[in-house]
Amino acid sequence: MTTTVLPSGAPGPVTDRTVIGENLSLPLFRSISGVLAGHPYLKVVVDRTENTWHLLDTAVHPFHVNYIALRVLGMDLADLDSGLDAFNASVYMDPERRFLLGVLSLHTDEDTEGRERPFLVLETTEADTMNGLLLEEFYTFVRHRVDGRLPLLLKPANHGQEQELAAISDVRVPRILGHELFGNRTRTPLNPGEAIGRLRYFRTSEEYAAVAGELGWSDIVAMPCLPDDVPRVAGFLNTSPGTPLSHTNVLASGWGIPNAIVRDLDRLVERDALDGAWVRYRVQDDEISLVPLAHAPDLDAPTWHQQRIRMEPPLLEDVPALALHRLRRADHDRYGTKAANLGELHHILDSRSVDLTAFYGQPRPPRDHLYGHLAARLGLTGPLADGELRAAAADFVSGVIAAPEGIALPFALQHRFLTSSPAVQQGIGKLKMALELDAVDVLDALCLHLQHLIRNTPMPEDVTRQITLALPDGPAAGSRLVVRSSSNAEDLPGFSAAGVYDSITTVHGAEELLDAVRQVWASLLSPRSVRLRHQAGISLDDTYMGVIIQQYVPADLGGVLVTCNPTRREDFRNVYLNCSPGSPETVVDGTTLPLQYLYNTVEGGGRTVALGSSGRDLPGTTRDGLAQLALAGRLLQSHFSDEDVDHPLDIEWLMTDQGDFRLVQIRPYAL
């Protein structure tokens with residue numbers, strides 16, 4: 001049965017191709033389906049009471065619940081909106097629910113003879129809590145009404161459904177996991193955006209290195225895996241798998257340029273002669289396109305060429321090295337942003353007095369707020385007394401994560417060191433002159449010479465004494481230290497500096513400690529960091545480097561999470577989390593391809609996006625712990641995001657061999 005309807009406010013008739021009660025053939029599927037992420041799909045509503053199903057025309061009915069409420073149950077929109085959360089619970093979480101909701105999508109693979117073979121995938125929404133019996137019932141109902149020549153697979157939408165299906169034979173319910181379906185996706189968006197530029201395609205890192213110095217703001221750089229030191233250009237293209245949380249994608253996000261994985265770029269380049277061609281490059285949630293242009297365009301220089309980043313001047317008065325737990329965010333102009341944020345984290349965890357619920361207090365139309373969802377995530381039931389939700393959120397975060405111990409060296413120590421050497425001062429003067437004259441041909445040589453001087457200039461005795469005495473146990477030769485950068489020229493609006501400055505993770509003894517501190521100081525004057533800051537209008541005079549020194553903590557797991565979905569910015573529910581065995585540095589620097597997860601911090605639940613280099617998923621108990629970590633990150637966003645609680649955080653973390661989570665860095669995620 002098909003119908004024609006007049007949606008409220010529409011100027012004329014709109015054909016509704018929704019089908020009720022009919023069996024589904026491939027031609028019928030194609031005639032009523034939409035397209036999502038490059039795949040034809042349609043929404044499905046199974047009415048268990050009426051023993052029928054509805055195949056929705058998504059163009060007319062984009063939401064399952066609206067269709068059920070308005071078309072099946074005869075409700076009006078105002079009634080639905082006023083009780084939306086309760087209605088959602090009745091269709092997504094009630095084990096006795098009347099309706100089973102899902103999506104059917106069409107995919108293709110190849111048979112043994114290389115011929116394309118279409119197959120269908122059935123899945124629910126990620127927040128659906130269907131148990132095993134309901135999942136089997138849903139699959140069986142659809143299987144009996146779909147053309148038997150079309151293979152049908154059930155894709156569990158979250159880890160809970162995976163666990164439920166584990167007890168059911170895959171003969172009765174054939175299935176496919178999300179990472180199996182999409183892990184070899186030909187094209188994957190990493191950062192949305194659009195650019196017009198000249199495509200520069202490099203098949204190897206050697207090809208790239210040979211001309212890296214010639215790349216400019218109008219180039220779109222394509223290669224298997226972009227290096228962390230890539231200059232600021234118009235766009236990125238990767239031909240090998242990657243993650244939205246790599247350093248290069250954090251840079252792409254901060255610079256506002258498109259970035260994607262296009263694994264068939266070789267074929268496109270050869271077919272359309274794209275190498276060196278001017279193209280329009282667009283990355284969206286559901287589309288990635290490269291369109292050759294007939295003529296070289298007349299481009300104006302991008303706005304960032306004239307952009308000037310505003311930053312507070314550093315305070316260089318003589319202040320001591322301090323334990324991290326003694327710092328607060330206001331100390332960023334003396335000790336750097338990383339150190340100050342870690343000090344603030346200590347305060348949050350120790351005092352438990354900070355309101356961490358503000359994100360959930362934001363209106364999410366038609367909802368006035370999400371406090372009820374937060375209460376559910378924290379295990380609270382019934383009416384809440386004043387302050388109970390806030391206290392529970394603070395207790396939850398303090399119970400899930402810990403802040404790292406360590407000390408922070410102030411800018412004053414670096415200033416004292418730099419001014420102690422006439423040779424270093426002379427080198428800085430020459431570099432300033434070159435920047436003023438825009439003498440790019442000598443810039444790299446001056447920077448490299450300065451770095452060499454800094455790494456080899458002896459420390460003044462009073463500077464050495466402050467560094468070594470600041471450590472409670474001293475720099476004992478038997479203990480391993482980690483030395484991290486903490487500059488004032490990073491994590492700024494419009495300038496993230498992800499991966500630009502050095503950190504050293506294998507430091508033993510006093511001599512190596514002093515060498516590591518000098519190396520971190522010297523990284524402030526690397527050719528790349530100087531160029532990036534100069535482009536952004538950050539003065540060399542205002543740029544200083546603090547240093548964090550910590551005891552090394554062995555980690556079974558490490559990674560990065562951002563309190564958003566990087567490829568779908570309008571998604572306020574999910575936190576994106578990457579991890580791999582050992583240090584978080586292996587995730588951000590691209591050494592290994594990490595496991596990738598999405599965790600819903602509103603309705604709950606998580607799902608595996610990719611298995612990365614490991615090839616297998618983490619145990620269920622570990623994934624449950626990661627879900628708690630994701631929620632803790634979301635709660636911290638309420639405090640660290642200042643006036644805009646929707647602005648996400650970028651958090652590096654590790655899991656110790658005791659299963660405890662420690663955060664090693666907190667900063668705004670560049671949007």
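Pro 366 lies in the loop between α12 (337-351) and α13 (371-377). In this predicted model, a cis peptide bond joins Pro 365 and Pro 366. Omega there is about 5 degrees. Arg 352 has its place in the loop between α12 and α13 as well. Its backbone also deserves a look: Arg 352 has a positive phi of about 55 degrees, although it is not a glycine. With a relative accessible area of 43%, Arg 352 is partly exposed.

Most residues other than glycine have a negative phi, and most peptide bonds are trans.

Ala 273 is another non-glycine residue with a positive phi, near 50 degrees. It is found in the loop between α10 (265-272) and β15 (278-284). Is Ala 273 buried or exposed? Ala 273 has 56% relative accessibility, and the cut-off for exposed is over 50%, so Ala 273 counts as exposed.

**Aromatic pairs**

How many aromatic pairs does the structure hold? There are eight. One of them is formed by Phe 359 and Tyr 360. This pair is edge-to-face, with 5.4 Å centre to centre and 80 degrees between the planes. Both partners are buried: Phe 359 has 2% relative accessibility, and Tyr 360 has 0%.

Phe 411 and Tyr 544 make a tilted pair. Their ring centres are 6.3 Å apart. Why tilted? The planes meet at 35 degrees; stacked needs under 30 degrees and edge-to-face over 60, so this pair falls among the rest. The pair links distant parts of the chain, 133 residues apart. Phe 411 is in helix α15 (residues 411-419). Tyr 544 is in the loop between α20 (527-535) and β22 (545-551). Phe 411 is buried at 0% relative accessibility. Tyr 544 is buried too, with a relative accessible area of 11%.

**Charges over rings**

Notes. Residues are numbered from 1 along each chain as its sequence is written. This is a predicted model: local features need pLDDT of at least 70, side-chain atom pairs count only at pLDDT 80 or more; totals for chains, interfaces and linings use all residues. Side-chain values use heavy atoms; hydrogens and water are left out. Rings of Phe, Tyr and Trp (its six-membered ring) pair if their centres lie within 6.5 Å; planes under 30 degrees apart count as stacked, over 60 as edge-to-face and the rest as tilted. Buried means under 20% relative accessible area, exposed over 50%, partly exposed in between (1.4 Å probe, protein chains only). Helices (H or I, at least four residues) and strands (E, at least two) are DSSP runs, numbered from the N terminus.
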